[in-house]
Every structure is written in structure tokens, then in C-alpha cells.
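User: Please take a close look at one part of this model, the place where its two chains meet. I would like one connected account.

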Protein chains: 2
Amino acid sequence: MLAEQSEIKKLIDLLARLPGLGPVSSRRIVLHLIRSKGSRLTELASAIQGVAEGVRECVDCGNFCSDLKCRICTSPERLDDQICVVQDVADLWAMERSAVFKGKYHVLGGVLSMLHGLGPEELRIPILVERVGVGGVQEVILALSATVDGQTTAHYIADQLSATGTRVTTLGRGVPIGGELDFLDDGTIAAALSGRRDY
Amino acid sequence: MLAEQSEIKKLIDLLARLPGLGPVSSRRIVLHLIRSKGSRLTELASAIQGVAEGVRECVDCGNFCSDLKCRICTSPERLDDQICVVQDVADLWAMERSAVFKGKYHVLGGVLSMLHGLGPEELRIPILVERVGVGGVQEVILALSATVDGQTTAHYIADQLSATGTRVTTLGRGVPIGGELDFLDDGTIAAALSGRRDY
């Protein structure tokens, strides 16, 4: 198109490929950035470059970090005897937002999936088995999605860890906070019933 | 939060301020970018930097360009005798997508608004009067929004141009293509009726 300049067009195309964005929202963002006069653009460009250069994976847990090990793995305040296994860094962030867990993490980078060709080697499961094998870990909490692939992965990990004798737990299943029974699926209600506690 | 690294946090905050994005969608985009391994991030950073450095306003029409004048103003294929007045560069792009208009543009950069302190001087209206005053312009098409502020601005511009004797027109009002009468507001139906044509 004659109207849109090549630099602008390129940026719109790049942004439109991001999750949740399309050509229309991307165009709106670019116009907003240009209108905000230079400084915002430069600030955003350098922030992105900063992430590109400064972010790597923690060798222990797989969380994002700027050094060899992440801030959770090196923190003296985090307990060494609990490891929470999550599918993804997004899940790790979600766990941290709840601010309840005080142990360390292990990010798998996905769940076992025949369809996507993801086996144990691709998922950092051997590293987890090694971490637990070294000793000092009392409990491995499997905080994986309650989906078929997630539960297959949980089962596989529990099996791999059985030889170490470490306690393996999973997240509780039941009614989410704020959840109305009327809107819950049968599986959740069944799980909540079997997981009932004394009041 | 201990989990999110400062570089990542900064980028999430910057993106979350963009129109249509919030903390959740911004976090999703940043994770997607990091997972796509460096190259995407660098590409995006340089695209943004390119826009920051290479984009300026055309001195004639106010469109975005990389030189003194934009590609539409300097194109030998575009007619000099028609000027289409639009509120914003986004509207210019929308007009260009329809690929019907062959004249040149004039971007106001907003509409007259007491509330936002936008007077004629802020809106490049004097430059428009000057462009038309030079001569050679047969028609000025006011392609402004059908809102109160848009129509106030159209009225003001028509008034300013009356001395030049140039023909001033506005976009047709009526049923949009694909529009169902049942869902249209009364004003549009009234406008369509008074703007009816022989079949």
C-alpha cells in the first residue's frame, strides 16, 4: 500500500504475529507509539533488546534469569527440601503471585505429548530426577495442568521418582475460590467430593 | 516479585500500557517472544527503533513519511486537484485501503474540541487553508467522523474555505455495505432516506 511506509508496515506485520494481536490491533498500537513522539518507541526498543540480550534459562530449574542460576534457586530464603514441578515459566509466575510456596521450582518446558513429539528428554525430566537423586529433597509437588497430557506427565514423573523414595504430591482438586457449583463441570464436582475435608 | 526478572518486568509494564493490552496479555506476549529464542526479540527491537528514527510528518499533508514529503504528496499518479481532509493517519490508511480516492490528503491530527483544548491552530487547519489558497484545488472532501466534534470541525473548515470559492463536499451518509436496516440507528436511516438515489 502506498500510504503505509515500509518501516511502519514491517513493525505492524511483526506485532500482528504476536499472540492475541492481529493486523487491526497491531496498527492501532503502532499509531499510538508514533503519536507518543519517539521517546516511547526508543524506550520499548531498548527494553526488548534488553530482554533479548539479558535473559537465559537457569541451569537448575529452567526459570528465566540473567545469570547461571535464577534468583529463586540462589535465594537463601527459599527451602531446599521442596521442589514444585511446573509446565512452564508462566505457571511459575502464577505460583509466585499466590506467594504461598516457599520452596524451589523445576520448569519442564512442556508436557509429554506424542502429538508434538515431546518426550522425557525434551522436558528436563532427567535433570529433575538428578536434582532429586542428589538428596535433601523431602517432597516433589507436581503442579501440572489437570489435562490428559498434564496427568500423563505427572504419572510418568511419579514413576521415575519412585526409586528415590521421595514423597510426590499433586495440587488439590476441587471447587475454585469464587466458583459456583452450578457452573462447574461434573469432573470437578466429583474431585471436590472425593477430596472433602472436615469442617 | 522474585520470579520475574527486572528486564522482563520492565518490558511487560511497557507493553501493558499500549492500547488494547493489559498485564495478562502483555505477559503472554513477552513469554512468547522469549520462547521464540532471541531472533524475534532482536528483529522486533530493531523494527521499533527503525520507526523511532525513520518516521516523521509530511510537511504538506501530515501523513507519516521518511522524507520531507510523503509518498502520496510526491506521487505523479495522484491528482493535485482533490484534497481529502481526514482526522488522523489511521483514517488516511483506511481511505487508502478502499483504493478509490486518487487525490491527495490533509491530516488534521484531531478534531476541534473544547474539552481537549484543540483549536484550529493545533489541527493544521491554517496549513489546509494555505494549500487551497495557492490554487489548483477543485474540490476539498471532508472525510471526518459523523460525530458532533467531527461535524463541528467540518463546518468550521467549510466556513474557512468559503472565501476561496473551492467546492467543499462531505462523505455520503447512509446504509453501510452489509448493513441490515433492523440494526441501524434512526439517524443513519434518516440520512439514507434523504440521500436516496434513482435506481
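How many residues of chain B are in contact with how many residues of chain A?

Analyst: In this predicted model, 57 residues of chain B are in contact with 57 residues of chain A. The two chains bury about 5300 Å² between them, and 71% of that area is on carbon and sulfur atoms.

The polar side of the interface can be listed briefly. Between chain B and chain A the count is two salt bridges. In one salt bridge, Arg35(B) pairs with Asp88(A), with the closest N and O atoms 2.6 Å apart. The rule for polar contacts finds two residue pairs across the interface of chain B and chain A, both at pLDDT 80 or more.

On the side of chain B that touches chain A, the elements giving two or more residues are helix H1 (6-16), helix H2 (23-35), helix H3 (39-54), strand E2 (64-65), helix H4 (71-74) and helix H5 (89-98) of chain B. H3(B) gives the most to this side, with 13 residues. By residue class, the side of chain B that touches chain A divides into 30 nonpolar, 12 polar and 15 charged residues.

A separate feature, for anyone setting up a search for sites, is the second largest pocket, with a volume of about 300 Å³. Its lining consists of 13 residues, and Leu144(A), Ala146(A), Leu171(A), Gly172(A) and Arg173(A) lie nearest the pocket centre. Helix H5 (residues 89-98) of chain A gives the most to that lining, with three residues. The lining residues of the second largest pocket divide into eight nonpolar, three polar and two charged.

How values were computed
Residues are numbered from 1 along each chain as its sequence is written. Chains are lettered from A and ligands numbered from 1 in the order in which they are written. This is a predicted model: local features need pLDDT of at least 70, side-chain atom pairs count only at pLDDT 80 or more; totals for chains, interfaces and linings use all residues. Side-chain values use heavy atoms; hydrogens and water are left out. On a 1 Å grid over the protein atoms alone, a cavity is a set of points where a 1.4 Å probe fits but cannot get out, and a pocket is an open set with protein on both sides within 12 Å along at least five of seven lines; lining residues have an atom within 4 Å of a point. Grid points are joined across faces, edges and corners, and a volume is the space filled by probe spheres set on the points. Helices (H or I, at least four residues) and strands (E, at least two) are DSSP runs, numbered from the N terminus. Ala, Val, Leu, Ile, Met, Phe, Trp, Tyr, Cys and Pro count as nonpolar, Asp, Glu, Lys and Arg as charged, and the others, Gly among them, as polar. Contact means heavy atoms within 4.5 Å. Buried area is the accessible area (1.4 Å probe) that two parts lose on being put together, summed over both. A salt bridge is a side-chain nitrogen of Lys or Arg within 4 Å of a carboxyl oxygen of Asp or Glu. A polar contact is a pair of N or O atoms within 3.5 Å; within protein, one must be able to donate a hydrogen and the other to accept it, and residues adjacent in sequence count only if both atoms are side-chain atoms.
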